[in-house]
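This report describes one protein chain, shown below.

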Amino acid sequence: MLDTIDNPGRSISESELKEIALFTGFEFPTSYKEFLLKFNGGSPSPDAFPIKGHSEEVGGIQVFFGVDREIESSCLNWNYNQYKSRLPDSYIPIACSDTNDLICLVLSEVQYGKIVFWDAEDERSRNDLGNVYEVADSFDQLLEILFED
């Protein structure tokens, strides 16, 4: 269960949230929008989570991306631009591991709000989900299952 966020971003406004939604073309789940408004990214503690079906079984979140963060590679829009041609259409990267894997929010109608782990070492063609693993049914559930490894 999430205890703290280290290095949260500056406070952002509802209008900045709307801008990122327009930029990506996605409407974010309420719990994720609330997280961005409260923390605007940052490093969670604890940071480990189980990865269903992955050989490593446990992943770690280095940083949640945010809006207009000091480090460009920690920004939602930067990561969306970097990965949109490599990820399935309905995926948006919301965090990364310390090994450059991505934690993505799935925003398709069928799986809206699910959280998945995208294994960068096993990257495949855009719509081949062989390197994608279930993590949580929602953003709230992701925060609830975090643990110290």
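## Packing of helix 1 and helix 3

Helix 1 and helix 3 are roughly parallel to each other, a term for angles under 35 degrees, with over 145 counted as roughly antiparallel, 65 to 115 as roughly perpendicular and the rest as oblique. In this predicted model, local features need pLDDT of at least 70 and side-chain atom pairs count only at pLDDT 80 or more, while totals for chains, interfaces and linings use all residues. Residues are numbered from 1 along each chain as its sequence is written, and side-chain values use heavy atoms, with hydrogens and water left out. Two packed helices are described by the angle between their axes and the distance between the axes. For helix 1 (residues 14–24) and helix 3 (residues 76–83), the angle is about 5 degrees and the axes are 10 Å apart. Axes are lines fitted to C-alpha atoms, for helices over the stretch in contact, and angles run from 0 to 180 degrees between N-to-C directions. Helices (H or I, at least four residues) and strands (E, at least two) are DSSP runs, numbered from the N terminus.

Which residues form the contact between helix 1 and helix 3? Helix 1 contributes Ile20, Phe23 and Thr24, and helix 3 contributes Leu76, Asn77, Tyr80 and Asn81, where contact means heavy atoms within 4.5 Å. By class, this contact of helix 1 with helix 3 has 4 nonpolar, 3 polar and no charged residues. Ala, Val, Leu, Ile, Met, Phe, Trp, Tyr, Cys and Pro count as nonpolar, Asp, Glu, Lys and Arg as charged, and the others, Gly among them, as polar.

The buried residues in helix 3 are Leu76, Asn79, Tyr80 and Tyr83. They cover an arc of only 105 degrees around the axis, which puts them on the same side of helix 3. Buried means under 20% relative accessible area, exposed over 50%, and partly exposed in between (1.4 Å probe, protein chains only). The arc is that of the directions from the helix axis to the C-beta atoms. Packed against the buried residues of helix 3 are helix 1, helix 2 (30–39), strand 6 (91–96), strand 7 (102–106) and strand 8 (115–118).

In helix 2, Ser31, Tyr32, Phe35, Leu36 and Phe39 are buried. Seen down the axis of helix 2, these residues fall within an arc of 140 degrees, so they line one face of the helix. Thr30, Glu34 and Lys38 are exposed, on the face of helix 2 turned away from its buried side.

## Loop residues

Asp101, in the loop between strand 6 and strand 7, is buried with a relative accessible area of 6%. Leaving aside neighbours within four places in sequence, Asp101 is in contact with Ala95, Cys96, Phe117, Trp118, Asp119, Ala120 and Glu121. Asn131 lies in the loop between strand 8 and strand 9 (132–136) and counts as buried at 1% relative accessibility. With neighbours within four places in sequence again left aside, the contacts of Asn131 are Phe117, Trp118, Asp119, Asp122, Glu123 and Arg124.

Asp47 is found in the loop between strand 2 and strand 3. Is Asp47 buried or partly exposed? At 31% relative accessibility, Asp47 counts as partly exposed. Beyond its neighbours within four places in sequence, Asp47 is in contact with Gly59, Gly60, Ile61, Leu146 and Phe147.

## Backbone geometry

Most residues other than glycine have a negative phi, and most peptide bonds are trans. A cis peptide bond joins Ser45 and Pro46, with omega about -5 degrees. Pro46 is in the loop between strand 2 (43–45) and strand 3 (48–50).

Asn40 is not a glycine, yet has a positive phi of about 50 degrees. Asn40 follows helix 2, in the loop between helix 2 and strand 2, and counts as buried at 0% relative accessibility. Asp68 also has a positive phi of about 50 degrees without being a glycine. Asp68 is located in the loop between strand 5 (63–64) and helix 3 and is exposed, with a relative accessible area of 51%.

## Domain record

UniProt, in an unreviewed entry, places the feature "domain: Knr4/Smi1-like" at residues 11–145. UniProt positions are given in the numbering used here, feature names are shortened, and annotations may be inferred rather than shown by experiment. The end C-alpha atoms of residues 11–145 lie 26 Å apart, and the span is 27% helix and 23% strand.
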